[in-house]
Amino acid sequence: MDSNFSIYTTSLTMEPLEIPQSNIFPAFIFGTLTYCAILVFNMTVWLTIALNRKLHKPMYILLFNLPLNDMMGATAFFPQLIASILSQNRSITYSACFVQALLIHLYGSGSFLILSAMAYDRYIAICCPLKYNTLMSPNNLLKIIIIIWTLDFTVVGLVFALYSHKEICSTKIVDIFCNNPSLMKLVCGDTKVNNYYGLFTIVFVQGLSLLIVVFTYIQILITVVVKRQSDAKSKAIQTCGTHLIVFLFLEFNTLFTLIAHRIETASPNMRRALGVSVLIFPPIINPLIYGLKIKEIRQSIVFFFCKKAFPTVK
């Protein structure tokens, strides 16, 4: 018991940020503003969907989960980074590192599962419009959301449960933030089970998501191009193009980052850059894409702010 407690209070050291002394304050301001922007953008989309009854439809209810997930990932990463920029102290306790890694992986797998569910929703709306109300009924929608978060917490939770009785032989985190591969490198002895299960989660979550997205987009493409449905074409152009870009960006960067930890010849700088990009760009881009590109959400946001700015105008 004392051994386990001492592990969680052990001080670890993350890789240095290597920020010149003259750039520390600008970096601190930039990081703080970026984090605040992520919170404001995502909270705006989240509240818009929550407060507008007209947006309580399957597409928007699924989208409702994305800002929550993005804010979780950003909050796991930015506060610790901002504090370490200002203090120039790269120390972190094992327990704090463990929690950061857990939340970041929940964010990553959650992103794939939510985007996959949104792709399925678009497939039903465009390819099977007559069955949409049945297939995306409130009960089915609730089941999809429960499956998303149950899979997310179960798959990722098991990854970190494997560390519960492991001893560590190193205190150096080989990354600028905590994650499963960097924690695994601290463990003493055989880590084959951790490594194999980690690879399984990559194949399962990213492979499953990729199969769903590829299948749905092929079907959408067939509907749009072969059947020449003009209504489907306009819907596909509006909502599917940007969705695909976000998904592929996340798929490539996450896959490379996780695999690079297992390949000694991989560039550490490239691994860090792509890893950080997964935590910065999607939480910024997602609310802008889905807040500005989707007409109903854009109109609701504009109406809300106009109502607050000009309360007497009806």
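**Notebook: cavity lining and helix packing**

I began with the largest cavity and asked which helix supplies most of its lining; α4 gives the most, with 6 residues. The model is a predicted one, and I read every entry below with that in mind.

**Entry 1, cavities.** I searched the whole structure and found 5 cavities of 30 Å³ or more. The largest cavity holds about 410 Å³ of space. I then listed its lining, which comes to 27 residues. Nearest the centre of the largest cavity I noted H105, G108, S109, T254 and L258. I looked up which helices contribute at least two residues each to this lining, and they are α4 (94-127), α6, α7 (180-184), α8 (192-226), α9 (230-260) and α10 (268-292). By class, I have 14 nonpolar, 12 polar and 1 charged for the lining of the largest cavity.

I found that the axes of α3 and α4 come within 9 Å and cross at roughly 160°. The crossing of α3 past α4 is left-handed. I sorted the residues of the contact of α3 with α4 into 16 nonpolar, 7 polar and 3 charged.

I next took helix α2 (residues 24-51). The axes of α2 and α3 come within 9 Å, and I noted a crossing at roughly 165°. I therefore wrote α2 down as roughly antiparallel to α3. Here too I checked the hand, and α2 passes α3 in a left-handed crossing. The contact of α2 with α3 has 23 nonpolar, 5 polar and 1 charged residues.

Helix α3 covers residues 58-87 and helix α6 covers residues 138-161. I noted an angle of about 20° for this pair, with the axes 10 Å apart. Angles under 35 degrees count as roughly parallel, so α3 is roughly parallel to α6. I logged the crossing of α3 and α6 as right-handed.

Which residues meet between α3 and α6? On the α3 side I listed P58, I61, L62, N65 and N69, and on the α6 side L141, I144, I145 and W149. The residues of the contact of α3 with α6 divide into 7 nonpolar, 2 polar and no charged.

I went back to helix α4 for C127, which lies in it. Which residues does C127 contact, once neighbours within four places in sequence are left aside? I found Q219, I220 and T223. I also looked up C127 and V224, which are 97 residues apart in sequence. C-alpha to C-alpha, I have C127 and V224 at 8.8 Å apart in space.

**Recap.** The crossing with α4 is left-handed, as is the one with α2, while the one with α6 is right-handed.

Terms used
Residues are numbered from 1 along each chain as its sequence is written. This is a predicted model: local features need pLDDT of at least 70, side-chain atom pairs count only at pLDDT 80 or more; totals for chains, interfaces and linings use all residues. Side-chain values use heavy atoms; hydrogens and water are left out. Axes are lines fitted to C-alpha atoms, for helices over the stretch in contact, and angles run from 0 to 180 degrees between N-to-C directions. Helices (H or I, at least four residues) and strands (E, at least two) are DSSP runs, numbered from the N terminus. Angles under 35 degrees count as roughly parallel, over 145 as roughly antiparallel, 65 to 115 as roughly perpendicular and the rest as oblique. A crossing is left-handed if the near helix is turned anticlockwise from the far one by less than a right angle, and right-handed if clockwise. Contact means heavy atoms within 4.5 Å. Ala, Val, Leu, Ile, Met, Phe, Trp, Tyr, Cys and Pro count as nonpolar, Asp, Glu, Lys and Arg as charged, and the others, Gly among them, as polar. On a 1 Å grid over the protein atoms alone, a cavity is a set of points where a 1.4 Å probe fits but cannot get out, and a pocket is an open set with protein on both sides within 12 Å along at least five of seven lines; lining residues have an atom within 4 Å of a point. Grid points are joined across faces, edges and corners, and a volume is the space filled by probe spheres set on the points.
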